[in-house]
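Colleague: I am new to this model. Could you take me through one part of it closely, and then show me what surrounds that part?

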Protein chains: 2
Amino acid sequence: MLKTRTAYFDNAATTFPKPEEVYRFMDIFYRECGVNVGRGQHKLAARASALVSETRELLLDLNHCPEKRVVFTPSATEALNIILRGIGIKDGWNVYVSPFEHNAVTRVLHHIGQTVRINLRTLEVHDLPSIQEQFAAHRPNLVVMSHASNVCGAVVPVHAISAQARPYGAINVIDMAQTMGLIDTELSSSEIDYAVFAGHKTLYGPLGVGGFICSASANPTPLLYGGTGIDSANLDLPMSLPERYEVGSLNIQAIAGLNAALKWIGAIGIHTICKREAEHRNRLLSIFSQFSNVRVVEPTHPLSEHIGVVSCVIKGYAPDEIGKILCACGIAVRTGLHCSPDTHRQLGTFPSGTIRFAPSYFTTSDDFADLEAALDHIEQNS
Amino acid sequence: MLKTRTAYFDNAATTFPKPEEVYRFMDIFYRECGVNVGRGQHKLAARASALVSETRELLLDLNHCPEKRVVFTPSATEALNIILRGIGIKDGWNVYVSPFEHNAVTRVLHHIGQTVRINLRTLEVHDLPSIQEQFAAHRPNLVVMSHASNVCGAVVPVHAISAQARPYGAINVIDMAQTMGLIDTELSSSEIDYAVFAGHKTLYGPLGVGGFICSASANPTPLLYGGTGIDSANLDLPMSLPERYEVGSLNIQAIAGLNAALKWIGAIGIHTICKREAEHRNRLLSIFSQFSNVRVVEPTHPLSEHIGVVSCVIKGYAPDEIGKILCACGIAVRTGLHCSPDTHRQLGTFPSGTIRFAPSYFTTSDDFADLEAALDHIEQNS
């Protein structure tokens, strides 16, 4: 049953396809105005700069925080590096993380831990009262939370936890790589200090642009040094936000794609997108329930909210074997640890991992039918 | 004389337009195969991975060094940060730089200098015997050279200088942001440890991809931490090159564009491109020589080779004023310090800077005619 089409269930890695508007606008804008932003006085540079400003505003509007600032980086990983290494984690800090952190957080904290003694603690995210106790016993200095797990889709109650951490003066960082543009989130509250995004995932934009939303007074130590197009005679980086953190040329093509994506989300409506994702998750769960050899993997203490991502294991097969079989059946998934070994430790699926299915707004009935047929094929050949 | 078209002379900031092949292939590839590289087993991921491998090979072929390795980063600035901060500059090191360094080098060295005592020295690049004396007097530990100035276009004899530095065990880093794909360069020699490139400049690729070429045994301390798609259970980054330095999702769209650009360069021929750039430089110099109020800015001790970039000042006007007038005339240039304040100090044009004209392969006779008309207009209104 070799297929020429691919049923793409790897949207947690990167959403694919993108809305037609994204491809089209990115191509047109880059052809018409593919110049360097903020580094020339000419009309094309001005047009490119206006696009960047508008895109920042669209991101702030989406998250209901017009008073905040957007810093663009090439990726969410880089944004997390800038934040976690720039906020000045000190010896003896109590750093809390969700059970669902990606290596973009855990490897960074591990690196910091080589020179600074960090007390790393995992939050009992399903149990807010116990978090209150955890915080009272060991006052939080920093709380880092994946808004949603990239492995099992569980959504962490980031606002409730941030609010509990705030009275201790903790810095709250949320990683919205899997949620921005999908879960309607209020970032104007003072509790969330940094919200990280990946343009190419739930925002339906292209690779090459991510970043973070923070207050105008945020001032982490920069991680990268270089030209900023302003204040060039200064050997130090300018103090102004976002320029201080946006060294090198901004990727105007990627930002154009993100701009179109944000307008597409606005036109469809974030709640419509979220509703469809919930339907897709239910569709996946319904398909899996038909196969006795398939076990959906969930946290021991499940959370009430989920994004579309579902992980499972199939009896008698290692996840990587299933990945190969599904590949031959034209089903694109990602198997293994998904760059989140700690999540798999929590889920009891370390070290072999799971098979992850991540639908998107564009997943079709044909995709689900192909998946069902493939699982049928696996069951019959078991 | 307001113009609707723009004569673009800002190619040192980013080449514009790109070859038609670049726009087209980037769009098609991202529509057909816009997935995450090295993080899935499916066919699309395999196709994307093959494209990335081919692009690395094309870069090595272009620079005659098939035995070396390519590390992709989102920008040349990031590549320079990784290298300069990863090689372990130590207290008391003699660090030599060319007179033409960009803030992507000078700000990074200044930052390192906050915690490590660096003896920073400027190379007399026009005088190789004097460099020999400099090196003998203060043994070089690190030599960082812009292959060509982004302000005046002077080409630094990087091979000759690297060869002189090598016997002292110095690390040689060359910044080819303004030259790779334009000047045929031999990187297989053991003298050059790191050669940095920007995909979106003389390589005629898109924004979003840069990187460096190094030996397979290069091992700077990583600057960024995060997911690599391999060895996920390891809290440390994998030791393998290039994965160790390529955290987060590779920008497959940008790499597709660079792939098409490298094939375009191969089809046209780097020597043909270089010849046309030389003609364009001569055309600029010939135009400027017609105007007595225009003074071309060159180093006190000119170098024999140049890329197309030419800087000038116009009597009676600050460069920024000229930038605005040219902008109104439909001429895109960049004025001021070009993120290279030290170059302007050398050229005697600090702090007001110059007006920079940077043609590309695609600069047309119409562009030059527009420029000539604009300079006429300025002269008549002086």
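Colleague: Please start with helix H6 of chain A: which of its residues are buried?

Modeller: The buried residues of H6(A) are A:Val158, A:Ile161, A:Ser162, A:Gln164 and A:Ala165. Look down the helix axis. These buried residues fall within an arc of 160°, so they line one face of H6(A). An α-helix has 3.6 residues a turn, so residues three or four places apart point the same way. Now for the cover. Helix H5 (128-137), S5 and strand S6 (171-175) of chain A are among the elements over the buried residues of H6(A). Keep in mind that this is a predicted model.

Is A:Asn150 buried or exposed? A:Asn150 has 27 other C-beta atoms within 10 Å. The cut-off for a buried residue is 20 or more. Leave aside residues up to four places away in sequence. A:Asn150 then touches A:Ala12, A:His102, A:Gln178, A:Val309, A:His338 and A:Ser340. For a sense of distance, take A:Asp236. It is 86 residues from A:Asn150 in sequence, and their C-alpha atoms are 38 Å apart.

Next, the whole of chain A. The chain has 11 helices and 13 strands. Of its 382 residues, 59% count as buried. Its C-alpha atoms fill a box of roughly 70 × 55 × 35 Å along the principal axes. With 382 residues, a compact globule would have a radius of gyration near 21 Å, and chain A agrees, at 21 Å. Consider contacts in chain A between residues at least 6 apart in sequence. Of these, 72% join residues at least 24 apart.

Chain A also meets chain B. Here 64 residues of chain A are in contact with 64 residues of chain B. On the side of chain A that touches chain B, several elements each supply at least two residues. They are helices H1 (20-33), H2 (43-62), H3 (76-86), H4 (103-112), H7 (252-268) and H9 (319-328), with strand S12 (334-336). H4(A) gives the most, with seven residues. By type, this side of chain A divides into 26 nonpolar, 28 polar and 10 charged residues.

Cross over to chain B. B:Ala254 lies in helix H7 of that chain. It is buried, with 29 other C-beta atoms within 10 Å. Again setting aside residues up to four places away in sequence, B:Ala254 touches B:Gly199, B:Pro206, B:Leu207, B:Gly208 and B:Val209, and also A:Gly208 from chain A. B:His126 is 128 residues from B:Ala254 along the chain, and 37 Å separates their C-alpha atoms.

Helix H7 (252-268) of chain B also packs with helix H1 (20-33) of chain B. The angle is about 145°, and the axes are 8 Å apart. H1(B) passes H7(B) in a right-handed crossing. From H1(B), the contact uses B:Glu21, B:Val22, B:Phe25, B:Met26, B:Phe29 and B:Tyr30. From H7(B), it uses B:Gln253, B:Ala256, B:Gly257, B:Ala260, B:Ala261 and B:Trp264. The residues of this contact divide into nine nonpolar, two polar and one charged.

Terms used
Residues numbered from 1 in each chain as written. Chains lettered and ligands numbered in written order. Predicted model: local features only at pLDDT ≥ 70, side-chain atom pairs only at ≥ 80, totals over all residues. Axes fitted to C-alpha atoms, helices over the stretch in contact; angles between N-to-C directions. Helix = DSSP H or I, 4+ residues; strand = E, 2+ residues; numbered from the N terminus. Left-handed = near helix turned anticlockwise from the far one by under 90°. Contact = placed C-beta atoms within 7 Å. Nonpolar A, V, L, I, M, F, W, Y, C, P; charged D, E, K, R; others polar. Rg over C-alpha atoms; globule rule 2.2 N^0.38 Å. Buried ≥ 20, exposed ≤ 12 C-beta atoms within 10 Å, placed from the backbone. Arc of directions from axis to C-beta.
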